[in-house]
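Subject: Structure for you to look at

Hello,

Here is the structure I promised to pass on.

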Amino acid sequence: MKSLSILCVQLGFHEAYPDASTLATTYNDGIYYVASFIQQEYPDAQVEMCQMFWGEKPQDFPLGSYDYILISALATHFWSNIETLELIQREKRPGCVVIMGGPHAAFAPYEALRYADYAVIAEGEIPSVQLIKALEAGEPVAEVDNLAYTDANGKLVLNKIARYGNIANAINPKFLERAPQLHWATVSMSRGCPFDCSFCYAIRLLGRRFRTKTAEDVRDELDAIYRQTGCNRFYVTDLNFTTRKSYCREIAETFRDRNYKFIAMSRVNHADDMDLVLDLKRSGFEEYCLGVESEDPSVLQAFNKKVDPSEQTRRLLRFAENDIAIHSAIIFGLEVQDRPAIEATAHWCAEARIMHPVFVCLAEYPFQDLLYGARQDIEDHRIIMEVPTYQHYSFVGIFPRHMRPSELQRGILDSYGIFFKRAFEIEQRPQRRARLKAYSRSVERGRAGMEQHIRFLEELEKPYYTASGTLKEELLKADFDSRHGELRAWLAQSSKRTDLQFVKGYAR
């Protein structure tokens, strides 16, 4: 078999719309796991990584020499790099196969397939290898898992969805050889989440069944990344790291003798077992991204959050009292959230002593109900599509019914001022105040982009709202149908919403 030449590309952010979150890492781990798995299965292959987050550009690589080009993207990465995608199409050699994965390919394969031959719509390691093996052998791709493509008749095809057991897959440190000084190295220790929050797309990528690596495999992976990069801080991308307490204790024990620091994702009820929290803290787990989203019971109910709202503040204060820094995305955009509600939530974040709230807009991909039978909170016609801020959560991407998009964006921006003013009044510990100052500087990086987006929204929204700010929904629907009606009809030919087995496999 010939030796394959493969380029993996991580698309980056638009220069006007950076990710200003303090959790903005210098790489997304998904494509690194895919590249590492392919290298493991094809040890003689030449697998290279182009990381646009670090300033690397695909045109700096010999695009005409590759057999396969794999691209990973969020929606905002995709729509911020159309020129790059067009360049790859022009410069790749005849016969080179382009495969796109990541959230955008999973939830908008019809967009990804404008620039790719295939889209991977769930976990990607095994399907990528299956696809390469099928293509190299000249075999049909109908049995390749988690694959979307356009067939010879021009129809969108969605192959079966597969979830896998424990994959002993680690990031190959060679793909981090050119890494700059990293603030955080990104890794996963487990996959899947048993919960069903309505806004969460992640479990449609990784499934609801919780699956872990062994603690020893995780230690070996992190040690190798540390030796390669010198980075000893790790952002754990698990959907809900603390799902299984016994595993948490095993991880805590495994890393007791390492000088590593961790941020992990969890739920706010993690505070109910403070012995476990402190055990993990002794091993470097001093920060968490918590699924808080709101203090408002009606909002939490709308999001299908199975938490007791009355307990949230108490739990958050327990973290603060034990010097655990909490990050959380606070979601706005529901119709019950008017401007006073938004401002009250921002004030509450300071009172609850969340250290790093990220104020974001409720966001959706269009056609999810049509294509996958999946729940949506926002109707297709109210989603602002095909712009560099599409699915960039800090930037408003919907037409609210009783608030202009620009007003919602202004509310998100103003929320930071409300939060920081009250947080600095409350926080007296020097270390926490220093964190707040650092986060404030990070937020300022995104201010110009938000102001620019507000001006864009002010022009976009003009025809669609009454003087009092109520959405002219029928006009918006008509305009949406005129632009996307043919696309909707085409997607309907491949709709899986009546395929119960597929919908179950792809469910949130």
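C289 has H327 as its bridge partner in strand 14. This is a predicted model, so please read what follows with that in mind. Strand 13 (residues 285-290) and strand 14 run parallel and are joined by 3 bridges. On to strand 15: the bridge partner of H327 there is H356. Between strand 14 and strand 15 the chain passes through helix 13 (residues 339-351), and this β-α-β crossover is right-handed. Strand 14 and strand 15 also run parallel, with 6 bridges joining them. In strand 15, P357 is the residue that stands opposite S328.

How well is strand 14 covered? Of its 8 residues, 7 are buried, so the strand counts as mostly covered under the cut-off of under 20% relative accessible area.

These strands belong to an open sheet of 6 strands with parallel pairing, in the order 8-11-12-13-14-15. Strand 8 (185-187) and strand 15 stand at the edges with a single partner strand each, so one side of each has no neighbour in the sheet. On average, neighbouring strands of this sheet are turned by 20 degrees against each other, direction ignored.

Strand 3 (residues 68-72) has 5 of its 5 residues buried, so the rest of the structure largely encloses it. In a regular strand, side chains alternate between the two faces of the sheet. In strand 3 both faces are covered: Y68, L70 and S72 are buried on one side, I69 and I71 on the other. Strand 1 (residues 5-10) runs parallel to strand 3 and is joined to it by 5 bridges. Strand 4 (residues 97-101) pairs with strand 3 in the parallel sense, also over 5 bridges.

Now the aromatic rings. A pair of them is described by the distance of the centres and the angle of the planes. With a cut-off of 6.5 Å between centres, the count is 26 aromatic pairs. One of them is F234 with Y260, which is edge-to-face, at 5.1 Å centre to centre and 70 degrees between the planes. F234 lies in strand 11 (residues 233-236) and Y260 in the loop between helix 9 (245-254) and strand 12 (261-266), so this pair ties together parts that are 26 residues apart in sequence. F234 and Y260 are both buried.

Why is the pair of F332 and F359 stacked? The centres of these two rings are 5.9 Å apart and their planes are at 5 degrees, which is under the 30 degrees set for stacking, so the pair counts as stacked. F332 is in strand 14 (residues 325-332) and F359 in strand 15 (residues 356-361), and the pair links parts of the chain 27 residues apart. Both are buried: the relative accessible area of F332 is 1%, and that of F359 is 0%.

Ring pairs also link a cluster made up of Y226, F234, F241, F255, Y260, F262 and F285. F234 and Y260, the edge-to-face pair, are among its members.

A last item on rings concerns W184: the charged end of R233 sits over its ring, 4.0 Å from the centre.

Regards

Notes
Residues numbered from 1 in each chain as written. Predicted model: local features only at pLDDT ≥ 70, side-chain atom pairs only at ≥ 80, totals over all residues. Heavy atoms only, no water. Phe/Tyr/Trp six-rings, centres within 6.5 Å; stacked < 30°, edge-to-face > 60°. Helix = DSSP H or I, 4+ residues; strand = E, 2+ residues; numbered from the N terminus. Buried < 20%, exposed > 50% of the residue type's maximum accessible area, 1.4 Å probe, protein only. Lys NZ or Arg CZ within 6 Å of the ring centre and 35° of its normal. Pairing = 2+ DSSP bridges. Axes fitted to C-alpha atoms, helices over the stretch in contact; angles between N-to-C directions. Right-handed = clockwise from strand over helix to strand, strands pointing away.
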